[in-house]
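Hi,

Here is the structure I promised to pass on. Have a look at it, then read on for what turned up.

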Amino acid sequence: MLKIKLCRMGAPKKPSYRMVVADSRNSRGGAFLEIIGLYDPMTEPETVKIEVEKARNWISKGAQPTDTVNRLLRKAGVL
């Protein structure tokens, strides 16, 4: 099953995340198919950049977002 999940990037104690489409069996930082967005919780307000067409395309193909990604997609107006 495909999942849309966050992949942690950045320095220690300064996280930033890539929003990626990956197989659900892969680890958080493991192999992924495509990057569809960025999320930076350290800025005020938090920065969310999502490629809407890619996200909708993967969701239509059956990719399931995790709880956090689901919240970010709703906030961005994708869902």
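Before anything else, one cut-off to keep in mind: a residue counts as exposed when its relative accessible area is over 50%, and as buried when that area is under 20%. Also, please remember that this is a predicted model.

You'll find Lys 13 in the loop between β1 and β2. Its relative accessible area is 76%, so Lys 13 is exposed. The backbone there is worth a look too: Lys 13 isn't a glycine, yet its phi is positive, at about 65°.

Now the sheet. Five strands make up an open sheet, in the order β4-β3-β2-β1-β5, and the pairing is mixed. At the edges sit β4 (47-50) and β5 (64-65), each of which pairs on one side only.

Going through some of the pairs:

- β1 (residues 2-11) and β5 run parallel, paired over two bridges. Look for Ile 4, whose bridge partner in β5 is Pro 65.
- β2 and β3 are antiparallel, with five bridges joining them. Val 20 has Ile 35 as its bridge partner in β3.
- β3 and β4 are antiparallel as well, joined by four bridges. Here Asp 40 has Thr 47 of β4 as its bridge partner.

β3 and β4 also form a hairpin, with six residues between them. Pro 45 is in that loop between β3 and β4, and the peptide bond joining Glu 44 to Pro 45 is cis, with omega at about -5°.

Next, the helices. α1 (residues 52-60) lies across β1, β2 (14-23), β3 (34-40) and β4, and runs at about 120° to β3. α2 (residues 67-76) lies across β1, β2, β3, β4 and β5, running at about 90° to β1.

So what about the inside? In soluble globular proteins, nonpolar side chains tend to be buried together. In this model, the largest nonpolar core has 14 residues, and the ones with the most contacts inside it are Ile 4, Met 19, Ile 36 and Leu 73. Two or more residues come from each of β1, β2, β3, α1 and α2, with α2 giving the most, at three residues.

Asp 23 and Met 1 are 22 residues apart in sequence, but their C-alpha atoms are 5.9 Å apart in space. Setting aside neighbours within four places in sequence, Asp 23 is in contact with Met 1, Leu 2 and Lys 5. The side chain of Asp 23 also makes a polar contact with the side chain of Arg 25, at 2.9 Å.

Cheers

Conventions
Residues numbered from 1 in each chain as written. Predicted model: local features only at pLDDT ≥ 70, side-chain atom pairs only at ≥ 80, totals over all residues. Heavy atoms only, no water. Pairing = 2+ DSSP bridges. Contact = heavy atoms within 4.5 Å. Axes fitted to C-alpha atoms, helices over the stretch in contact; angles between N-to-C directions. Core = buried A, V, L, I, M, F, W, Y, C linked by side-chain atoms within 4.5 Å. Buried < 20%, exposed > 50% of the residue type's maximum accessible area, 1.4 Å probe, protein only. Polar contact = N/O pair within 3.5 Å; in protein donor to acceptor, adjacent residues only side chain to side chain.
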